[in-house]
Amino acid sequence: MNGAKARRAAAEMLMTCLEERRTLDEALTLIPTYENLQGPDRAFARAMTSAALRQLGQINAGLAPFLNRDLETATPPSRALLQIGAAQIWILNTPAHACVAETVEAAKKWARARPAAGFINAVLRKAVSDRSAFDDAGPLSIWPGWLQKRFTDDFGQDQAEAIAVAQSLEPQLHITVKTGQMDRVSNLFTDAQIDT
């Protein structure tokens, strides 16, 4: 795996979604760094971006205690790398050493984020050891204040929280075999050596 490149691609896709108001599917086609990734690196970059987008408000709330100023004042690349790093730590349960080291390495290799590499390192190390602000933010924090109010007013506190929790979950993967392809799929499983 090429961890630093996957993290940079994830940060670039997150920036594209947030700064340019593009969907994640659009961002996947617009970022050359993502296009150059292969297999597991591509999947991991997408997973990081998706997790960060689903729980962005909660991530920002979790990072706030480690910052001397508002996260929005950070440059877009350093902000995106922090959000991607926090998503790895708090949502994807990526091993701490890999998360911090590879995200900092991504910053060092990206000219636009290089000046913030030390800052990113310091904040992510704190995030590894303290997730309390992230957990305390509550499920509604994934949304901006105006949307929290709208859902709470329309559905009540409990139902709004249930909707937020559902949004935070990673979507399930469902695979459907094309018509006429079932024999090929059956042969794959028959030929495979599976230890139980």
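Which element gives the largest share of the lining of the largest pocket? In this predicted model, that element is α1, with three residues. Welcome to a chain built from 12 helices and zero strands.

**Overall build**

- Read from the N terminus, the elements of the protein chain run α-α-α-α-α-α-α-α-α-α-α-α.
- The C-alpha trace of the protein chain spans about 60 × 45 × 35 Å along its principal axes.

**How α1 meets α4**

- Two packed helices are described by the angle between their axes and the distance between the axes.
- For α1 and α4, the axes come within 8 Å and cross at roughly 40°.
- The two helices, α1 and α4, are therefore oblique to each other.
- Their crossing, that of α1 and α4, is right-handed.
- On the α1 side, the contact is made by A6, R7, A9, A10, M13, L14, C17 and L18.
- On the α4 side, the residues in this contact are D41, F44, A45, R46, M48, T49, A52 and L53.
- Sorted by class, the residues of the contact of α1 with α4 are 12 nonpolar, one polar and three charged.

**How α7 meets α8**

- Helix α7 covers residues 96-108 and helix α8 covers residues 117-129.
- The axes of α7 and α8 come within 9 Å and cross at roughly 165°.
- That angle makes α7 roughly antiparallel to α8, because angles over 145 degrees count as roughly antiparallel.
- Where α7 passes α8, the crossing is right-handed.
- From α7, the contact takes in A96, V100, T103, V104, A107 and K108.
- From α8, the partners are A117, I120, N121, L124, R125 and V128.
- The contact of α7 with α8 divides into eight nonpolar, two polar and two charged residues.

**The largest pocket**

- The largest pocket has a volume of about 250 Å³.
- Its lining is made up of C17, L18, E19, R21, R22, T23, L24, L56, N60, E72, R79 and Q83.
- The elements that give two or more residues to the lining of the largest pocket are α1 (3-19), α5 (56-63) and α6 (76-90).
- To return to the opening question, α1 provides the largest share of this lining, three residues.
- Two residues in the lining of the largest pocket, C17 and L18, also take part in the contact of α1 with α4.
- By class, the lining of the largest pocket has four nonpolar, three polar and five charged residues.

**The second largest pocket**

- About 170 Å³ of space lies in the second largest pocket.
- The second largest pocket is lined by L24, A43, R46, A47, S50, R54, L92, E170 and P171.
- Helix α4, residues 39-54, gives the most to the lining of the second largest pocket, with five residues.
- One of the residues in the lining of the second largest pocket, R46, also belongs to the contact of α1 with α4.
- The lining of the second largest pocket divides into five nonpolar residues, one polar residue and three charged residues.

Conventions. Residues numbered from 1 in each chain as written. Predicted model: local features only at pLDDT ≥ 70, side-chain atom pairs only at ≥ 80, totals over all residues. Heavy atoms only, no water. Axes fitted to C-alpha atoms, helices over the stretch in contact; angles between N-to-C directions. Helix = DSSP H or I, 4+ residues; strand = E, 2+ residues; numbered from the N terminus. Parallel < 35°, antiparallel > 145°, perpendicular 65-115°, else oblique. Left-handed = near helix turned anticlockwise from the far one by under 90°. Contact = heavy atoms within 4.5 Å. Nonpolar A, V, L, I, M, F, W, Y, C, P; charged D, E, K, R; others polar. 1 Å grid on protein atoms, 1.4 Å probe; cavity = no way out; pocket = protein on both sides within 12 Å on 5 of 7 lines; lining within 4 Å. Points joined across faces, edges and corners; volume = space filled by probe spheres on them.
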